Amino acid sequence: MTWDQMQELMWPATWETLQMVGVSTVGTVLVGLPLGVLLVLTDKGGLLQNRPVNKVLGAVVNIVRSVPFIILMIALISFTRWLVGTSIGWEAATVPLTIGAIPFFARLVETSVREVDRGLVEALQAMGASTWTIVRKALLPESLPGLVASVTTTVITLISYSAMAGVVGGGGLGTLAINYGYFRFETAFMWIIVAELVIIVTVVQLLGDWAVGRLANRGRGGGRTRLLGRRGKAPAAPDEDLVAS
């Protein structure tokens, strides 16, 4: 196979992989972020302490995380076909990708949110802040660098999952590697695809590290100052935005 022939196949497959990972990332964040926060809020000592709910959520997350992705894809074929009308192609692959990544991302979110200083939360509670306000004004902003790092890790995991989806016709670079690198013995082509995936992962990691560094530098000493008043001055009264329901 010539280089020109490889290029004709690689660019559409690369675009499919990027679409697959992009859509899955959005779905994962939209569901996984509130799920991870809820795991923290309903845990022992949390703002919405509810042990039965926490145990059920934790069990569901652990069960889905424990299922190998290749098995999860096969198990969800019927559901995927019902949801998107097909079980092959990059659109179909986004369904198991999202479902498989949600519990993974939720645990990362839980870890990041738990690292927020408990004293800050207690101070806001003393000022009369509601649970939603504490989440919006303290937990999420203070854990933002960790959350961005979690998104970066999740995107890289989704890239590897997307390549695995090629085994069952998920489209993208994974399908290309299987069809040409394995079935047609185009070993050189397969290694070129591997190199491209390595480059994509490296770029994602570098961008994620840069974003985390910027957020961490911007947030040093800023979050608590904005929420609790300037250093050395106690807030005279709770801000209206902090006590709003």
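How many helices and strands does the protein chain have? The chain has 12 helices and 0 strands, and it comes from a predicted model. The legends below take you through it one view at a time.

View 1. Of the 245 residues in the protein chain, 40% are buried.

**View 2. Five charged residues, Asp43, Arg51, Arg107, Glu110 and Arg114, are linked in a network of salt bridges.** Side chains of opposite charge can pair when their charged atoms come close. Asp43 meets Arg51 with an N to O distance of 2.5 Å. Asp43 is buried, at 16% relative accessible area, whereas Arg51 is partly exposed, at 32%. Glu110 pairs with Arg107 at 2.7 Å, N to O, and also with Arg114, where the closest N and O atoms are 2.7 Å apart. Arg107 and Glu110 sit 3 residues apart in helix H5, so about one helical turn separates them. Arg114 and Glu110 are 4 residues apart in helix H5, again about one helical turn. Glu110 counts as buried, with 11% relative accessibility, and Arg107 is buried too, at 18%. Arg114, at 40%, counts as partly exposed. The structure holds 5 salt bridges.

**View 3. The second largest pocket has a volume of about 220 Å³.** Its lining is made of 13 residues, and those nearest its centre are Val40, Val113, Arg114, Arg118 and Leu139. Helix H1 (3–41), helix H5 (90–114) and helix H6 (118–126) each supply at least two lining residues. By type, the lining divides into 7 nonpolar, 2 polar and 4 charged residues.

**View 4. Ile74, Met164, Val167 and Val168 make a nonpolar surface patch of about 310 Å².** Look for Val168 in the loop between helix H8 (144–164) and helix H9 (172–182). Val168 is partly exposed, with a relative accessible area of 30%.

**View 5. Helix H9 is mostly covered, with 8 of its 11 residues buried.** Those buried residues are Gly172, Leu173, Gly174, Thr175, Leu176, Ala177, Tyr180 and Gly181.

**View 6. Phe69 lies in helix H3, which spans residues 69–75.** Is Phe69 buried or exposed? With 6% relative accessibility, Phe69 counts as buried. Phe69 and Ala101 are 32 residues apart along the chain, and 9.4 Å separates their C-alpha atoms.

How values were computed
Residues are numbered from 1 along each chain as its sequence is written. This is a predicted model: local features need pLDDT of at least 70, side-chain atom pairs count only at pLDDT 80 or more; totals for chains, interfaces and linings use all residues. Side-chain values use heavy atoms; hydrogens and water are left out. On a 1 Å grid over the protein atoms alone, a cavity is a set of points where a 1.4 Å probe fits but cannot get out, and a pocket is an open set with protein on both sides within 12 Å along at least five of seven lines; lining residues have an atom within 4 Å of a point. Grid points are joined across faces, edges and corners, and a volume is the space filled by probe spheres set on the points. Ala, Val, Leu, Ile, Met, Phe, Trp, Tyr, Cys and Pro count as nonpolar, Asp, Glu, Lys and Arg as charged, and the others, Gly among them, as polar. Patches are made of residues with over 30% relative accessible area and no salt bridge: like charges are joined within 9 Å, nonpolar side chains (Val, Leu, Ile, Met, Phe, Trp, Tyr) within 5 Å. Accessible areas come from the Shrake-Rupley method with a 1.4 Å probe; for residues, only the protein chains shown count as cover. A salt bridge is a side-chain nitrogen of Lys or Arg within 4 Å of a carboxyl oxygen of Asp or Glu. Buried means under 20% relative accessible area, exposed over 50%, partly exposed in between (1.4 Å probe, protein chains only).
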